[in-house]
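Here is a short report on one protein model. Look at the structure first, then read on.

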Amino acid sequence: MKVVKQKNIITLKKALEQAEKGRYAIGSFSPRYTDMILPILRAGEQTKSPIIVQISEKELNRYGITPFEVGEVFYQTMKDENITVPTVLHLDHTKDLQVIKDAIEAGFTSVMIDASEHPLDKNIDISAEVAEYAHSKGVSVEAELGMIGTTDFIETDHDEELYTDPDEALVFVTKTNVDALAVSVGTAHGVYKVKAPTVDLERLKAIRSLTPVHLVLHGGSGVPAEMIQAAMNLPNGGISKVNIATDLELSLLGALGREERMTNQECKALDRDKKQVGQAAVQKTVTDKIVNFLTSANRANDFEL
């Protein structure tokens with residue numbers, strides 16, 4: 001596949017440098033279905049917000065999609081919709097190096113290696129290898145330290161939670177040369193059914209004081225706006241990227257009157273009217289997150305592209 005990049009399709013590093021400077025966070029939204037890439041990009045364009053479109057290895061497998069399909073739909077939609085805001089195409093939680101290589105070939109401008117289940121030394125070795133490879137291709141790298149819990153096992157395999165140690169974070173980013181670090185400070189992937197979301201701001205401050213890279217909050221669905229905004233507004237910069245996936249899918253399924261997830265093919269096979277209803281619901285959710293949670297609306301003009 002031949003990838004023709006627009007000047008506003010940028011790396012994660014470039015996007016987060018600006019967000020951290022401006023004390024806001026950029027939403028990293030997972031469409032989970034290729035037809036839901038469109039409403040995410042439309043929401044970014046209409047709110048004049050920088051935007052990140054992401055998908056994880058487990059989502060690719062669960063919904064029956066390849067990185068090449070995501071890349072193709074993303075780049076075609078960027079062109080067809082004349083999207084002008086700064087945009088990142090990001091591969092979320094991934095453990096398989098071949099999937100990372102495929103994503104880079106497909107035009108992803110950022111990848112995440114998740115070796116957080118390993119001891120620190122092995123996590124460092126694996127993450128450093130990916131950073132070296134991705135950087136040679138002009139692609140940003142996110143990694144994870146600590147273990148972020150889950151409630152639905154779509155993005156990760158485990159529900160164990162292990163908070164990120166600030167001193168280990170310093171060692172990790174120094175030795176790996178990654179561009180962004182996902183930290184475990186109290187949020188979880190999926191729907192909060194019993195445990196309430198929390199953000200350990202003191203831990204976040206300690207990580208920030210020792211760590212020069214940009215910080216990422218996973219499990220942003222269902223977290224109150226005031227928690228996210230407190231995490232963004234720490235001295236010297238706080239969280240610059242917030243991952244949101246579950247809320248988008250719940251909006252889509254709710255608009256369609258469904259409870260069960262679909263495959264990507266099932267979503268593509270929906271009749272046009274139903275699909276547009278679903279896309280409108282997803283766009284509304286993304287717009288709400290941008291305006292009321294992330295405060296990234298009207299920040300696109302901050303970037304020099």
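## The cores

The largest nonpolar core has 74 residues, and Phe29, Phe74, Val111, Leu181, Leu204 and Val286 touch the most other members. A nonpolar core is a set of buried Ala, Val, Leu, Ile, Met, Phe, Trp, Tyr and Cys residues joined through side-chain atoms within 4.5 Å. Buried means under 20% relative accessible area, exposed over 50%, and partly exposed in between (1.4 Å probe, protein chains only). Helix 12 (residues 272-294) gives the most to this core: five residues. Apart from this core lies another, of 14 residues, including Ala15, Leu16, Tyr24 and Phe303.

## How the model is read

This is a predicted model: local features need pLDDT of at least 70, side-chain atom pairs count only at pLDDT 80 or more, and totals for chains, interfaces and linings use all residues. Residues are numbered from 1 along each chain as its sequence is written, and side-chain values use heavy atoms, with hydrogens and water left out.

## The whole protein

The protein has 12 helices and 10 strands. Helices (H or I, at least four residues) and strands (E, at least two) are DSSP runs, numbered from the N terminus. Of its 305 residues, 58% count as buried.

## His93

His93 sits in strand 3 (residues 87-94). His93 counts as buried because its relative accessibility is 3%. Its side chain joins that of Asp114 through a polar contact of 2.7 Å. A polar contact is a pair of N or O atoms within 3.5 Å; within protein, one must be able to donate a hydrogen and the other to accept it, and residues adjacent in sequence count only if both atoms are side-chain atoms.
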